[in-house]
Each structure stands twice: as structure tokens, then as C-alpha cells.
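Hello,

Here is the structure I promised to pass on to you. Have a look at it first, and then read on for what turned up in it.

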Amino acid sequence: MKRITIFDTTLRDGEQSPGASLYPAEKVRAALQLARLGVDVIEPGFPASSPGDFAAVQEISRTVQGVEICGFARAMRGDIDAAVEATKDAARRRLHLFISSSQIHLDFQLRKGRDEVLKMATDMVAYARQFVERIEFSPMDATRTGDEFLIEMVEAVIAAGATIINIPDTVGYALPQEYGDMFRRVRTQARGGESVEYSAHCHNDLGLAVANSMAAIDNGATHVEATINGIGERAGNCSLEELVMAIETRKETLQWETGIQFDQIYDTSRLISRLMNFPIAYNKAVVGRNAFSHEAGIHQDGLLKNRNTYEIMDPEALGIPRNMIILGKHSGRHALKNRVGEFGVQVSDAQLDALFVNFKKMADDQKRVSDDQLISLVGETVDIMIDPYTLLDIQVVTSNQMSRMASVTVRDNATGEEASYSGTGEGPVEALIHCIKQAIPLDVEFADLELHSIASGETASGEAAVMITVDGEPYRGVGIDRDVIMAVSRAFMSACNHAVRANAKDAAASVTV
Ligand code: KIV
Ligand code: ZN
């Protein structure tokens, strides 16, 4: 197997995505998670660009263990000095220098001739090499440079001391075959080309970044630069999770491997999306919320018989909670029975018939049926109580003058007792969460909230997905309602009910033991 070095540039090139910038402490948090994910190299920022980025790169160099840290710099002394200083405490490091090589960049951006640019590149590589052993060099806009000057520049920087040659497709213009061939030509035609390592860096303007990176590997690249969720300038960079899952899923054919800990993929993707305020497209490969969701009845039926019928990856192996069968108007009886069974309820054929009729009515009306709604449908249709707790009523007072106040009434279904709780918060959701938490006999942490509209227009329902943790274990709940505050409360309650049921099962198991 050929070992591929995964170079993560989420915190440098990814951060160049509009609106995605991070505070230093957020970068440190993200870098720790990237190390947990098992990336080989982290490029945490551009030290010369701001004091904040300098501080982030410095702190990450000091605290994040087990990865190589890359200091990014233009081919300029000031940038190199900043990158050398910011990364000096890293156990392993490289510097990454770049300068444009395409004629259009030389004419309109640098306004310099080829000889001058070549001299800057070689002088700065030699300068950087005095401080750091591993020097990566990128001819920016390489794919629109043309072989002659590209090879001349690569030869010159290798002679000056570069040890890794990165060939960026800066504007996402290349086609896979072309990009692969370019690597082969540079590797075989540039003097000294066989003595260095090669890296691919692709942008996704034509949606080809992953395919191009794979073509580069096929032609000698051993490093790939990628970002979590494919975040980056314009249409983004090569998506790290897509690349590594293509390599893993098709390893028999490709004979490549990475050091990625696959079970960290989902958590890393969520963390980056949250920190960078960057939502993930529903249909995004590997980490999108629909990537493992099945609504068609035929697919759901096949999956329940054998998941390989419609899935090529196991979402649980990526840390994605398996609750991915979406109950909607295309779902069949098999999926409905299975989901109800997951709550420990066995229904007779007659009960399933009645439940199915009511379920289809609800699904037709609002497109999807959440677990919370299914549970109440089961209660209403076949009179079986699944949830330990039921949210009977909520009231919230919002005002721009004072904290939000809320009160809720919750029924304990085991005893039938109803109790009311009140609380405050800076927003209505916080106030309600404070109330509901008082009813739940567990130490619940609110971890994540996603809110979406599931139709268009003023009468659309809101769908809330809430993630909580109890003793570090995640539980998810979904709530749908025309009132978004109600949807969030339901989703939170549903997640708490999952946790209470799971903890009750654990307690019963330990008594049996
Ligand atoms: O896209 C690009 O060219 C870059 C580098 C400067 C490597 O991000
Ligand atoms: Zn880039």
C-alpha cells in the first residue's frame, strides 16, 4: 500500500473562505481535533498576515502533538521570518513558500518578469532553508503556467533547497487526466525531480478537486492538501473526508492508505462547520445530513434486510449516529415497524395497519415525521406510551429589555405526575432548556442545534435537530413544529428521552449482571 500524507489546510486556505475566519483559541481547538483525526500535517494559518494568526500558529506549534506543523509564507523575507518564529516550538515542521508562476499572475498581479520571479523564488527558498530542513514550494496558478516555465521554476527551487514540490490548481481549472500528466512530466523532466516529494493542492471550481488529487497520486504525488468539508476560497478545496473515504472504500483497487482515524470524521466536520459558521450542504458526500439518509420505501426495505444493498460506507464507522432512515411519505410499513421497534415497542399487524394510516396522513401533510411525532402517533393510535417524559406545555416571554423567561409542564409517564418548572436565559431556547433540564434526572449537556425550514412560505414548519451529551455519550432528537421554539423544545425533550431510556437499559443490565 502507498501511504498518502494528508496535509490539512482548513485553518489556512479553508479560513480564506468568506466569513469563515476564526479566533486563535478556536484555531487551537480545531487543530487539536485535526490531530485526533490523524492528519499528518497541519497548516494552521499565515503567520505574517495578522498578530492573531501568528499567535494561533505559535500556540498550535506548542500544544498540538504528533503532527507536522507547516508555516505558510509568501516568498518574502518578512513572511519567512514570521513563519520560522511562529513554528519554532513545533516538534516537526516545514515551511511552505509560494510565488505565482502563470503569465497572467506575473503580468497583472506581481507585475514582474519571469527572471525576477525566478530569482525571488530561489533566493527565498535558500533563505528559508537556513532555518528549516523541510521546505515546500508552490508555484501559484501552476496549472495555467505552461510546462516550460513551470519545469524551469521547479528545477530552480529544487536546486536552491526545496524538498517538497506542491503543484497547485489555484483556480480549479485542471481536468484529472491533465493534472495527473503534469505531475508525471514535472517529476520526470525537472532536473532533481526524482529527489523530492510531491504534493497536490486542488480547488473545486469545476467540482473536480478530489478527482484531480487522486490523478496526482496516481502520477507520483504522495501528499495531498485538503480541507474539512471542502471549505475554502470560492467553491473550496479538495474535501478531506471525501478523499480519505474514496481511498479507504476503494483501497483494494487503489492500493493506497492514509493514517486517518475514520471514527473522528463526523465530529471534526461538525466542529469545523460550527466554528466557521459554515453549513454543510445536505447532499455533501460523506458528511452531509442526507449522505446516509434513505427515504424511498424500496431503499429502506433493502437496507433493513442488509445495509450493503444501498450503502457503500458504514456511517457508524465515521462516527455518524445511525438513525438515518428518514420517515416520510415514501417510507413503507417495514421501516415504520422497525423504527417503532427501536423504541422497544412491538405492534401487532392490526396495530401497524392503523398506525400506518395515521403516519401517512402526517407525512403527506408535512413531508417528514420526526421520532417525537411518531412516538405521539403510537400513543394516540395504539395507546402505548414509549417516552419516559412528555412535554405538555411551554410558555416563553421574550423581550429586548430583559432576560427571557420560560415555564414548562412535563409529565413523568411512569408515575403520571405532572410538574411545572421555570427558568431564564439570554434567549428563549436557553430559558426553555433550563426548564426542561430540571425535569430530567440526568446531567444533560446541550451540545448542538440545527434549525431548518422544511417547506417554503410563512406556514412552513421548522425542523430542529438537537444533540445532547450525557456522560460524554451523544443522543440526538428531532422536533418538527410550525413554531420553531416548540420544535427545539420537542427535539431537546426527545434527545433527553433517548438518554433516559438508554440509561435505564444500562442500569437494568448492570442489575442482571
Ligand atoms: O491555491 C493556491 O495556489 C494556494 C497556495 C498558495 C498553495 O493556496
Ligand atoms: Zn489554495
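Let me start with the second largest cavity, whose lining has four nonpolar, two polar and one charged residues by class. In that count Ala, Val, Leu, Ile, Met, Phe, Trp, Tyr, Cys and Pro are nonpolar, Asp, Glu, Lys and Arg are charged, and the others, Gly among them, are polar. The residues in question are Leu37, Ile228, Leu240, Glu241, Ile265, Thr268 and Ser269. Two or more of them come from each of α9 (240–249) and α11, and α11 has the largest share with three residues. The volume of this cavity is about 40 Å³.

Before going further, a word on the basis: this is a predicted model, where local features need pLDDT of at least 70 and side-chain atom pairs count only at pLDDT 80 or more, while totals for chains, interfaces and linings use all residues. Residues are numbered from 1 along each chain as its sequence is written, chains are lettered from A and ligands numbered from 1 in the order in which they are written, and side-chain values use heavy atoms, with hydrogens and water left out.

A cavity here is a set of points on a 1 Å grid over the protein atoms alone where a 1.4 Å probe fits but cannot get out, and lining residues have an atom within 4 Å of a point. Volumes are the space filled by probe spheres set on the points, which are joined across faces, edges and corners. Helices (H or I, at least four residues) and strands (E, at least two) are DSSP runs, numbered from the N terminus.

The largest cavity has a volume of about 70 Å³. Around this cavity sit Tyr266, Arg270, Asp448, Leu449, Glu450, Ala465, Val466, Met467 and Arg476, with α11 (265–275), β14 (444–453) and β15 (462–470) each giving two or more residues. Its lining holds five nonpolar, no polar and four charged residues.

Now to ligand 1. Its shell (residues with a heavy atom within 4 Å) includes Arg12, Phe72, His96, Asn166 and Thr170. Taken alone, ligand 1 exposes 260 Å² (Shrake-Rupley, 1.4 Å probe), and the protein buries 96% of that.

Best wishes

Methods
On a 1 Å grid over the protein atoms alone, a cavity is a set of points where a 1.4 Å probe fits but cannot get out, and a pocket is an open set with protein on both sides within 12 Å along at least five of seven lines; lining residues have an atom within 4 Å of a point.
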